[in-house]
Amino acid sequence: MKIARLILFLLPAALAQATVVSISTTSLPNGTVGQHYAVAVKAINGCTPYRWWISGTLPSGLVASPSPATTYDLVHGTPAQVSSSTFSVTVKGCGGHISSRRYTVSIAPAQTAHSVSLKWQSSPTAVSYDLYRSTFSGGPYGLVASAILGTSFVDQSVTAGETYFYVATAWDGTKESGFSNQVIAAVP
């Protein structure tokens, strides 16, 4: 008889612990202006359906939506401006237990892709052109592109804040000309 009572007392305690809901997502990643953002704040234990709500302000452009099964709250959207937001996500299980977690999400400025557009005058004997670049005026120059068929090129392998010095050569089918006049490009 003592064994039966012990089992009855342990079983309700185990069931009571199973109904305590908690948020298992410990942190949220930062985002970037203009880049899609989506992260799930997940709940564990307790019983569904869960109820979710946000206290505080999400970064501009983001919203929170519970999943169809209510097991997570999806924070998603496209961040609209540089900011840092602190907010709390709260979940309530069907047993009435409530769990909250506080998050801070920072939104960084959009990364700007940089490029340098180059054009030159054609050479009457040229079959193709080679383009060279240096970070020092007068070189030494490294080959950026070869066998360019036209008289323009867009260098997309540049770095923001750097100044580049370009020269071109012409190929007549058998030999390469000397360097052209140097052109300077400062990348913002």
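Thr-70 is found in the loop between β5 (62-66) and β6 (72-77). This is a predicted model, in which local features need pLDDT of at least 70 and side-chain atom pairs count only at pLDDT 80 or more, while totals for chains, interfaces and linings use all residues. Residues are numbered from 1 along each chain as its sequence is written, and side-chain values use heavy atoms, with hydrogens and water left out.

- Most residues other than glycine have a negative phi, and most peptide bonds are trans.
- Thr-70 is not a glycine, yet has a positive phi of about 65°.
- Thr-70 has a relative accessible area of 15%, which means that this residue is buried (buried is under 20% relative accessible area, exposed over 50%, partly exposed in between, using a 1.4 Å probe and protein chains only).
- Ala-147, also not a glycine, has a positive phi of about 55°, and this residue lies in strand β11.
- Thr-48 and Pro-49 are joined by a cis peptide bond with omega about 10°; Pro-49 sits in the loop between β3 (37-44) and β4 (51-56).
- A cis peptide bond also runs from Gly-139 to Pro-140, with omega near 10°, and Pro-140 belongs to the loop between β10 and β11.

- Strands of a sheet pair through backbone hydrogen bonds, either parallel or antiparallel.
- Strands β3 and β6 run antiparallel and are joined by six bridges; Val-39 has Val-75 in β6 as its bridge partner.

**The sheet that holds β10 and β13**

- Strand β10 (residues 128-134) pairs with β13 in the antiparallel sense over seven bridges, and Tyr-132 has Val-167 in β13 as its bridge partner.
- On the β14 side, four bridges join the antiparallel strands β13 (residues 163-171) and β14; Phe-165 is partnered with Ile-184 in β14.
- Seven of the nine residues of β13 are buried, so this strand is largely enclosed by the rest of the structure.

**A closer look at Tyr-166**

- Is Tyr-166 buried or exposed? Tyr-166 is buried, with a relative accessible area of 2%.
- This tyrosine is found in strand β13 and stands opposite Val-183 in β14.
- Not counting residues up to four places away in sequence, Tyr-166 touches several residues, including Val-116, Leu-131, Tyr-132, Asp-155 and Gln-182 (contact means heavy atoms within 4.5 Å).
- Ser-134 is 32 residues from Tyr-166 along the chain, and their C-alpha atoms are separated by 6.6 Å.

**The largest pocket**

- The largest pocket holds about 160 Å³ of space.
- Among the residues lining the largest pocket are Leu-118, Trp-120, Tyr-166, Ala-168 and Ser-180.
- For this search on a 1 Å grid over the protein atoms alone, a pocket is an open set of points with protein on both sides within 12 Å along at least five of seven lines, and lining residues have an atom within 4 Å of a point.
- Which strand gives the largest share of the lining? Strand β13 does, with three residues.
- The lining divides into seven nonpolar residues, two polar and one charged.

**Ser-88 in its strand**

- Ser-88 lies in strand β7 (residues 83-92) and counts as buried at 16% relative accessibility.
- Leaving aside neighbours within four places in sequence, Ser-88 is in contact with Trp-53, Ile-54, Ser-55, Arg-101 and Arg-102.

Conventions
Helix = DSSP H or I, 4+ residues; strand = E, 2+ residues; numbered from the N terminus. Pairing = 2+ DSSP bridges. 1 Å grid on protein atoms, 1.4 Å probe; cavity = no way out; pocket = protein on both sides within 12 Å on 5 of 7 lines; lining within 4 Å. Points joined across faces, edges and corners; volume = space filled by probe spheres on them. Nonpolar A, V, L, I, M, F, W, Y, C, P; charged D, E, K, R; others polar.
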